[in-house]
Amino acid sequence: MSNFKDWALQYVLSDDETAQSEIAKKAAKEIENTRASSASVGSWAASIQPWITITKQDDDNSDDDDDDSGSGDIIARAKALGFLADTLQALDKSLLRPEQVIRLVGFFGAMFSYDHKAGITASAKALRQLYAMKGFKPAVGVKMIEDVCKLKEDFKLQTAATRLEIYELFLSLIQDQSVNDELQDKYGTSSGFIVDILQLCQNERDPRNLMLWFKLLPIFLTEYSTSDEVTEEIFKAFSAYFPITLRNSATPIGITADDLKNAVRACFASHYKVTKLAFPFLIGKLDQGDAVTVSVKLDILKTVKACIEQYDNPQASIVPYINKIWNSLKYEVRNGEVKETIDATLDVLRAIANRLDGTKTQKFDISLLKNYIDIVVDDCRDDLANPTYTKQAGLLLMTVITTNIRAYTLESAAFVDIIRKNLRQPKSPSHTKDLLLLLNSTLKSRADLFKKRAEGHAEDEELLKTESSDHLVALYHDVYLPTWTGKSEETTSDVLKQVVQGLALLATQQTIRADGQISLLASRSVCSEICSLLTHTVTKGLALSQNDYSTDAAVQDEAVLALQSVVSTYTDGYAELVDRAKAEIEKRDWTAPSKHNLNALQDLLSRLAFIGCSRIPLSIALDDESPKPFRPLQHFVRLASAMLDLFPLSPLPTSEKESLANSYVISALHGSILHFRDACFEKFEPKVLEAYSGSDRNWIEEFRKLPKDWLHQLQGEEGSSEMVIKEDDPEIYRELLRISLFIVRHLYREAAYGKQAPWSERVFAQVANMAALVVRSLDENLQRSCNLAQNAFNFFFSEDLSSSGPSSLAPFRKLLILGILQGLRPAAMAELYAPQGIAETFMCDTSRMATVLLAVGEIRGTICAVLANKYKGGQNTFDPESETMKRVLNFWGEQIKTATTTDDIDPAIFEVYNTVAIHTLAGACARQDKNVLSLVPIFHEAIASPGPNGAIVARTIGGLVKTNELLTSENHAVVKRFYKQWAYTHFAKPLYDLALPTGDEDTAFAAGRYTTAILSLVSNCPFGVYQEDLPALVRLLITALNNSAASGDITQPQVATSLEVLVEILSNEPDALKSHLREIITAGMKTYEEAAKSNLTAGSKGNALARNLAAARKLTLQLLGAIPKKFEERHLLPYALPMQRMLAMASGDKSREARKVALLARENWAKVV
């Protein structure tokens, strides 16, 4: 067994913890090999004898010495004991026999009596390992506690780590039920061991140790029967730390102040046996007045709340202290100013009411709760008549009364009656507002209690069934209506807003019938009257003058929110609202509307869409009627029918104002779909709705069999079967899409064959946007089964009307084509790409381009961009769709080549050609179509061509990479992540060398064109795309500015582009400009001066030239003003004075935006001294 001595020596001599652990494992293995024979265990224990043989006199002598002569022995002895402790940790816990455990416990326990310097940590660790042994007996645990407690005053001299070991040992033993029984048998209620532990640990200050100490103390209270004296000592032990704080430490310890606060709070709330100590102590702390900080006050209130919530037997533990708690806490609300403490106080009051009510499984005697509420009511009733304290008293009353259903049914009628009496004789408008606010808060709290009724005791729902509601129903005629109708000039908008909120809360209150059916609390007549009043408020905007409208806007906005709530429960109310609004609109002549009337119309229609469609209605019956079939889309259908009936408001618009009225009607339709879609996504998970965005039926074919007035039929009983859907069924979403597609089809057909006068560009755009919203929401299979790709071109007729037909005179009708195409998925468009099919024919059709406006060309070009992007394509470039697109791109390449090498096409006409071509290529570039690459040389040659058409190509080529909202993943476009980098690399990079000035007049012209093309592309790319070309790009930018300033034509697009790009470079990589500061500053100053000079002859502010000049001046000042923030002063000193002079002049610029930027620039340059 000499191995044990060798291992012990190696362990003592080693300072490496890993090595020590390995040595201990060897010793443990040796013991295990002998099955823990007495000889091996004895040899192992005796192996540390050379370091343990020390007399108490030796210790005493070493204590008296000033030198460290004994420190070596102490350290070695500690390591030796550590060898035994680590061996026990590694040892199989089932090997040691009970007698061996007892002897080892006796050995290590003895260390606490005399070896206070060296052996405590290891001994405590060893005892913890012995406790884990199978041979451990509960009586041994009692001895462990007694031995450790012999440390007495020396405990606080131990290191925090040593004390931590002891706390962990105590916690293990105290939580053990078998040890618990032994301790109870030996000590009884006197609990002497607890007193010993309390004396031992009473001075603990280390945060980690405190967390264990605070975990240990509640166990004494909950698991042991203690006398009142011992209970008080335990209470003193943790209450001495209250309120606890934590000093800031440079070394993170992983424990926060909140952790400690929560631990102490758990001690207070651990058992109701400390009630008579805890509540007086905490309330006494709270009543110290100004001496208590907000943080401490919150800690006290949270602790009181924890005690109330966790103490058992509330009749004995809480009721005797309610008066004391209430008398202290009420002033925190009555006179309080800090919201956090007020909220925490109210939380305590709620906790009392909930605790006295009972639990989910057991209700307490009702007198407990009633007596508490009576205390609060008696103290606060009179304060409701005093405007100074109305809000505070009402808050206290409402908090307690509306805490739970039982409290509400007990006292709500009396509370409402008190408020109603005070409202008959209010002291001031603010007093009226506060009383109404309390009334509304009570109604809101009732609604919340009703929603959560299933979470409580079964008795709660029965209470709601038998609840008296007369006092609530009477509020309409007794309070809200008189306040509204009796309003005067003194009635503030705040009071009226409270009335509106109250009306909504009253109309949406629900109750439970005797048969369990949910119904509205108010009768149909009351709900109808409330709707009528609110409807009048919302719709009267059309009748008000401009001045009246502004003063009433706040109340109208509140009425909108109120109606949104009301019609979601009282569903008949929305029909009343829509019918009233429709009648008000139809009364007026929209032939030549004023701006005010147009604004009022827009507000009203957008409000109608929001009120009826932003929430899915609830299936709730009226109190005196049987429930109707649930029709969740009835509001949406009602509004859609009304809008289609109203359109067009102005049948023959002759001005922009008149066409606005028509567009607002379509906008309301669009808004209703958008709102209802969002409501579906709020109610159901998006992944769930994905499954309901399609159908196995062809809706378009079904629509052909339906009458034009199908939406009107859906509103009647005969159409209800189409819309009867369960309340929580996502089928609602599919039905929304189906009806929306019907509306889109109807409008498209009207646009094709109906009267064309109402169809302005704005109206076409609104319908197109609405169609895009609906189509993009449909899944791929439904888009294909409905043949939407074909219908986009024939407007839902059987023949193609895209280029002919009765409405071919409408120049912006192609917006409707775009509306559907932009929402389609690529696979749903495959049939368009047949050879010589619709897509190829449309994209290559130039027959009418010589006669169309540029704006119409933009629309056609955008359609071509979508078509060029969304073809599905195969695995290679030889599939039919790719071949079609190759022919289309080659066609436009030839068109551009011909137009720029001959003089046959007028520049104005070529502008349209070029627009379509650039858009087509842009769609292909977004998907990185390889067929585009063959056009790169053609475009480069076109840019350098001498005619004016080449200049158009150079100026607009940036459209290839310009961000297009139609080419996004939301619209199912095929967009590669780095397509801008790809296009820039092929179209712009090869031009840098050609764009640099060489001094040769023959190449100077082409270089200028190449510069324009590069700037056009760069301005539409993010900084990272062109970052590696900054040296060459910066030279081009400066050259462009200088040339423009020298020629005096600073309105050229490349000027603004150059300034924008320079600002972007300055923001992202200013070092690239450092060597060009002189040139940039000089060019910038010249540019501003030329722009200011040209502005004198630019005409009025509304002139397009004047606007361009103002933009150039602003950009120049923005560039120059940002320079001082990016460079050191030493680089800028030579330019400071001339720059300050120029900026002083710029501070008087005619443009307000330019002046604002100039002032900031002056501020920045003033620091350069």
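Domain bounds come from an automatic or database domain assignment.

**View 1. Domains of the predicted model.** The assignment divides the protein into domain 1 (271–354), domain 2 (629–653 + 680–824), domain 3 (860–1021) and domain 4 (1027–1169). This is a predicted model, in which local features need pLDDT of at least 70 and side-chain atom pairs count only at pLDDT 80 or more, while totals for chains, interfaces and linings use all residues. Residues are numbered from 1 along each chain as its sequence is written, and side-chain values use heavy atoms, with hydrogens and water left out.

**View 2. The interface of domain 2 and domain 3.** The centres of domain 2 and domain 3, taken over C-alpha atoms, lie 36 Å apart. Nine residues from domain 2 and 10 residues from domain 3 form the contact (heavy atoms within 4.5 Å). The two domains bury about 900 Å² between them; buried area is the accessible area (1.4 Å probe) that two parts lose on being put together, summed over both. Carbon and sulfur atoms give 62% of this area. Arg776, Leu818 and Gln822 supply 53% of the area that domain 2 buries against domain 3.

**View 3. The surroundings of Arg887.** Arg887 counts as partly exposed because its relative accessibility is 33%, where buried means under 20% relative accessible area, exposed over 50%, and partly exposed in between (1.4 Å probe, protein chains only). Not counting residues up to four places away in sequence, Arg887 touches Pro835, Gln836 and Glu840. The C-alpha atoms of Arg887 and Cys844 are separated by 9.2 Å, although these residues are 43 residues apart along the chain.
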